[in-house]
Amino acid sequence: MPVSILLGIGLALFEYNILVPDPLIPEPDLLNLFILAIIVIFFSALCEEIIFRSFLQQSIEENSGPIVGLLIASVISGFMSSGYSSYYEIFFASFAGLILGFSFQKTRSLPFVVMAHGVNNIFLFGILPFVT
């Protein structure tokens, strides 16, 4: 799990420079960060990773091979995750999907990619807006 946490932090640091998003919490205290963590890990990261890694990527891999599965699932997840609709965000979200998808291929661990994705969102929307 430490590697997935570091991966999530690294992705967040990179993504923050692209988006510079507003925080999703009023202040970065423990209660707000805990609530944010529950929401982004269990309702965002878990749901997205089940859809894009467990179902979509594996299904495409079975039919078209691991590289095609990884690329298609990454691009689709990039478009679906790019709420900011800029080309930079779509590119980064696809890149992050590629990193998470590759990590999933190598580990076959859904908890690994869910944790990386969740930590990314916690840092991106709950910590970095207050420290930069």
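The buried residues of helix H4 pack against H1, H2, H3 and H5, where buried denotes under 20% relative accessible area, exposed over 50% and partly exposed in between, with a 1.4 Å probe and protein chains only, and contact denotes heavy atoms within 4.5 Å. The model is predicted, with local features requiring pLDDT of at least 70, side-chain atom pairs counted only at pLDDT 80 or more, and totals for chains, interfaces and linings using all residues. Residues are numbered from 1 along each chain as its sequence is written, and side-chain values use heavy atoms, hydrogens and water being left out.

Helices are DSSP runs (H or I, at least four residues), numbered from the N terminus. The buried residues of H4 include Glu 89, Ile 90, Phe 92, Leu 100 and Phe 104. The 21 residues of H4 should span 30 Å at 1.5 Å a residue, which agrees with the 30 Å between its end C-alpha atoms; the expected span is 1.5 Å times one less than the number of residues. Phe 102 also belongs to H4, but counts as partly exposed because its relative accessibility is 43%. Between the C-alpha atoms of Phe 102 and Phe 112, ten residues apart in sequence, the distance is 11 Å. Arg 108, which follows H4, has a positive phi near 50°.

The lining of the largest pocket comprises 13 nonpolar, eight polar and five charged residues. In this classification, Ala, Val, Leu, Ile, Met, Phe, Trp, Tyr, Cys and Pro are nonpolar, Asp, Glu, Lys and Arg are charged, and the others, Gly among them, are polar. Lining residues have an atom within 4 Å of a point of the pocket, an open set on a 1 Å grid over the protein atoms alone where a 1.4 Å probe fits, with protein on both sides within 12 Å along at least five of seven lines.

Conventions: Helix = DSSP H or I, 4+ residues; strand = E, 2+ residues; numbered from the N terminus.
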